[in-house]
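The sequence and structure come before the details.

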Amino acid sequence: MNIELLLKEKIIKCLKEEGLEVEINDVIIENSKTPDHGDYATNAALKFASRLHLAPRLLADKIVSNIDKDGIEKIEIAGPGFINFFMKKDMMNSVIEKIIDEDNNYGRGENKNLKVNVEFVSANPTGDLHVGHARIAAVGDSICRLYDFAGYDVTREYYVNNAGNQIYTLGLSLDVRYRQLNGEKIELPDDSYHAHDIIDIATKFNNLYGTKYLEKTKENFDFLTKFGMEEELNKIWRDLDLFRVHFDIVSLETDIRKNNHVQEVLDTKFKDYSYVQDGATFLKTTAFLDDKDRCVVKKDGSYTYMMPDIAYHLNKLSRGYDLLIDVLGADHHGYINRMKSALMMQGYSKDTLEIELIQIVRLIKDGEEVKMSKRTGAGISLRELCEEVGVDAARYFFVSRAASAHLDFDLNLALEHNSSNPVYYAQYAHARLCKVLELANDIELNIKNPKLSNKYEIELLKCLGDFPKVVQNAAIKRAPHLMANYIQELASLIHSFYTECRLIDRENIEITSSRLALAKAAKIVMKNALNLIGVSAPKNM
């Protein structure tokens with residue numbers, strides 16, 4: 001039973017009797033900070049008194065006098081009009097049966113009938129995924145998991161920029177390495193890709209085809225470029241699979257550009273919002289949210305990156321999504337208003353597209369920043385990070401802070417096997433409960449009518465009851481760090497419950513069966529919460 005929702009409904013009924021209609025989300029119910037102030041508290045009397053032309057304390061009196069007290073042990077008015085609720089213990093205990101009954105689905109929201117497309121990572125297929133991509137992957141995937149669990153229809157999408165200068169540069173870099181392998185005295189230009197993976201791909205190509213594609217023709221160059229791009233993409237898919245990130249749709253820029261589609265979009269959909277100046281074509285984005293009009297076609301007739309991106313976003317919307325979310329690096333800040341403006345030109349709300357900007361990551365080891373891989377001499381890749389600290393620690397640390405905040409990733413801390421490491425602390429809480437339940441597998445759990453009343457049990461019960469609300473809040477705010485915060489709170493309460501309450505007492509089976517039921521409920525919620533940020537819940541540590 002959702003006690004907060006129940007209390008909200010009771011309060012709304014009282015307010016309606018006083019002639020005031022309010023929405024369910026307008027009523028705030030909070031966990032009381034100390035047992036002396038009850039289990040839950042509300043500021044409803046202070047919030048709504050002025051609308052009824054009453055003093056807050058008087059409205060509080062009316063609510064307390066008229067409220068349905070079923071499930072409530074006692075109600076007190078505090079200060080200028082706060083209302084504290086002391087719930088009956090059987091009401092608090094009832095969450096255990098709900099959790100165990102719903103199991104992996106506990107906390108899942110009702111179907112919202114809203115289609116959400118989340119595009120994230122979308123790294124150019126020109127090299128390894130680095131730690132910046134890793135944070136975007138962890139945050140983006142966790143947003144998808146939260147949206148899905150909260151009741152939204154979610155599509156994960158990866159957009160491959162397989163056209164333009166970066167792909168041409170990839171081809172040039174591979175061509176030079178390919179020729180070097182065949183004895184040509186040729187230097188790699190400074191503005192090419194110098195990473196060792198380019199040599200690896202060129203070597204693989206050379207082993208497969210020998211000198212067959214050395215003749216300088218456009219067809220040979222395009223074949224080598226395509227080969228290199230596919231190799232880079234396959235590496236990206238392998239690394240993302242390791243990182244527990246998968247996509248429903250992969251879209252290619254070349255598909256967006258097919259059949260002159262980008263020009264058709266510009267000519268037909270933006271003819272009233274475009275103009276030519278000094279030989280270049282601009283969109284009137286200042287008519288909406290932008291600080292200056294944006295060039296979409298250069299003087300030489302080539303597109304800026306913005307025009308294919310506009311066509312791509314319109315393509316996504318044509319597939320019936322209610323909301324588009326782009327998860328991008330912090331350097332895309334200027335991108336937000338120009339893209340929103342372009343979509344508004346087509347009659348979409350500015351809120352149809354939301355862009356989450358992910359701030360940079362610094363890797364810290366032994367108190368110093370680590371920028372380069374000792375193995376490759378390049379930046380630290382996603383795969384190397386996972387090999388160093390493990391997927392669980394990497395994913396947890398990346399979402400442990402708000403995406404809008406810079407993150408210092410402490411490699412030493414991620415390797416600690418003690419309570420100072422937050423992911424170890426959370427996983428150990430789950431493993432502890434698994435061990436207890438295994439040791440007591442012969443004792444029947446009291447799921448229907450548990451008898452729990454001490455403060456460690458009640459605080460844990462309240463936290464478990466909060467889980468559905470935390471899911472909805474973290475999803476709506478696209479804030480996986482809120483789930484990480486919840487996980488730490490839950491872990492702390494589990495450890496306190498484990499330490500302060502004797503979970504297995506064969507001399508007192510009645511309390512043991514109730515505590516074991518609570519242990520099973522807490523285990524389920526911890527596993528569900530960890531899964532929402534892509535972290536495993538091990539049974540043994």
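A residue is called buried when its relative accessible area is under 20%, exposed when over 50%, and partly exposed in between (1.4 Å probe, protein chains only). The model is predicted, so local features need pLDDT of at least 70 and side-chain atom pairs count only at pLDDT 80 or more, while totals for chains, interfaces and linings use all residues. Residues are numbered from 1 along each chain as its sequence is written, and side-chain values use heavy atoms, with hydrogens and water left out.

**Salt bridges**

Side chains of opposite charge can pair when their charged atoms come close. A salt bridge here is a side-chain nitrogen of Lys or Arg within 4 Å of a carboxyl oxygen of Asp or Glu. The count by this rule is 36 salt bridges. Three of them are tabulated below.

| Pair | N to O distance |
|---|---|
| Glu4 and Lys469 | 2.9 Å |
| Glu157 and Arg319 | 2.8 Å |
| Lys365 and Glu388 | 3.3 Å |

Secondary structure elements are DSSP runs numbered from the N terminus: helices are H or I with at least four residues, and strands are E with at least two.

Glu4 and Lys469 form a salt bridge at 2.9 Å. This pair links distant parts of the chain, with Glu4 in helix α1 (residues 3–17) and Lys469 in helix α17 (residues 455–476), 465 residues apart. Glu4 is buried at 9% relative accessible area, whereas Lys469 is partly exposed at 40%.

For Glu157 and Arg319, the closest N and O atoms are 2.8 Å apart. Glu157 lies in strand β6 (residues 153–160) and Arg319 in the loop between α11 (306–318) and β11 (323–329), a separation of 162 residues. Glu157 has 0% relative accessibility and therefore counts as buried; Arg319, at 27%, is partly exposed.

Lys365 and Glu388 meet at 3.3 Å. Lys365 belongs to strand β13 (residues 361–365) and Glu388 to helix α13 (residues 382–389), 23 residues apart. Lys365 is partly exposed at 35% relative accessibility, and Glu388 is partly exposed at 35%. Elsewhere, salt bridges that share partners join Asp128, Asp197, Glu232 and Lys235 into one network.

**The Thr42 site**

Thr42 sits in strand β2 (residues 40–42) and is buried, with a relative accessible area of 2%. The side chain of Thr42 reaches the backbone oxygen of Ile28 at 2.8 Å. Leaving aside residues up to four places away in sequence, Thr42 touches Ile11, Val27, Ile28, Ile29, Phe82, Ile83 and Phe85, where contact means heavy atoms within 4.5 Å.

Notes. A polar contact is a pair of N or O atoms within 3.5 Å; within protein, one must be able to donate a hydrogen and the other to accept it, and residues adjacent in sequence count only if both atoms are side-chain atoms.
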